[in-house]
Amino acid sequence: MTITVHVNGERRSLAAPLGLDALVAELTSAPKGVAAALNDSVVPRSRWAATPVGDGDRVEILTAVQGG
């Protein structure tokens, strides 16, 4: 089964079922400094594995960047 989600404003077709933890892991390799929101609500990292991503959902994944 395939679902369509919007990740950081970009439409993507993904295999379902899919958890937020798997989606974040697929899109970033950063071990720290990552935040995720599902449908405009920030999801604590401790809940990513228990948060399913469904068809039509909007996901924002933010990675902190350090520099100078």
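Me: Starting point: two strands pair if DSSP finds at least two bridges between them. In which sense do β3 and β4 pair, and over how many bridges?

Reply: Antiparallel, over three bridges. β3 covers residues 34-38. Ala 37 stands opposite Val 42 in β4.

Me: What are these numbered elements?

Reply: They are DSSP runs, numbered from the N terminus: helices are H or I with at least four residues, strands are E with at least two.

Me: What kind of model is this, and how are residues numbered?

Reply: This is a predicted model with residues numbered from 1 along each chain as its sequence is written, and side-chain values use heavy atoms, leaving out hydrogens and water. Local features need pLDDT of at least 70, side-chain atom pairs count only at pLDDT 80 or more, and totals for chains, interfaces and linings use all residues.

Me: What is the mean pLDDT?

Reply: The mean is 94 for the protein, and 99% of its residues reach 70 or more. pLDDT is the predictor's confidence in each residue, from 0 to 100.

Me: Where is confidence lowest, and where is it highest?

Reply: It is lowest in α1, at a mean of 95. It is highest in β4, at 98.

Me: Back to the strands. In what order do they form the sheet?

Reply: The order is β2-β1-β5-β3-β4. Five strands form this open sheet, and the pairing is mixed. β2 (10-15) and β4 (41-43) are the edge strands, each pairing on one side only. Neighbouring strands are turned by 35° against each other on average, direction ignored. For such angles, axes are lines fitted to C-alpha atoms, for helices over the stretch in contact, and angles run from 0 to 180 degrees between N-to-C directions.

Me: How do β1 and β2 run, and how many bridges join them?

Reply: They run antiparallel, joined by six bridges. Ile 3 has Leu 14 in β2 as its bridge partner. β1 and β2 form a hairpin with two residues between them. Asn 8, in the turn, has a positive phi of about 50°.

Me: And β1 with β5: parallel or antiparallel?

Reply: Parallel, over two bridges. His 6 stands opposite Arg 58 in β5.

Me: Which strands does helix α1 lie across?

Reply: Helix α1, residues 20-27, lies across β1 (2-7), β2, β3, β4 and β5 (58-63). The helix runs at about 50° to β5.

Me: Which residues have the most contacts inside the largest nonpolar core?

Reply: Leu 20, Leu 23, Val 24, Trp 48, Val 53, Val 59 and Ile 61. The core has 16 residues. β1, α1, β3 and β5 each supply at least two of its residues. A nonpolar core is a set of buried Ala, Val, Leu, Ile, Met, Phe, Trp, Tyr and Cys residues joined through side-chain atoms within 4.5 Å. Buried means under 20% relative accessible area, exposed over 50%, and partly exposed in between (1.4 Å probe, protein chains only).

Me: Take Val 53. Which residues is it in contact with?

Reply: Ile 3, Val 5, Leu 18, Gly 19, Leu 20, Leu 23 and Val 59. That leaves aside neighbours within four places in sequence. Contact means heavy atoms within 4.5 Å.

Me: New topic. How many salt bridges does a search of the whole structure find?

Reply: Two. A salt bridge is a side-chain nitrogen of Lys or Arg within 4 Å of a carboxyl oxygen of Asp or Glu. Arg 12 forms one with Glu 10, the closest N and O atoms being 3.8 Å apart. Arg 12 is partly exposed at 27% relative accessible area, and Glu 10 is partly exposed at 45%.

Me: What does Asp 40 form a salt bridge with?

Reply: Arg 58, with the closest N and O atoms 2.8 Å apart. Asp 40 lies in the loop between β3 and β4 and Arg 58 in strand β5, so the pair ties together parts 18 residues apart in sequence. Arg 58 is partly exposed, at 39%.

Me: Is Asp 40 buried or exposed?

Reply: Exposed, at 68% relative accessibility. Phi of Asp 40 is positive too, near 75°.

Me: What about phi of Asn 39?

Reply: Positive, near 50°, in a residue other than glycine. Asn 39 sits in the loop between β3 and β4. Asn 39 is partly exposed, at 29%. Most residues other than glycine have a negative phi, and most peptide bonds are trans.

Me: Which peptide bond is cis?

Reply: The one from Ala 16 to Pro 17, with omega near 0°. Pro 17 is in the loop between β2 and α1.
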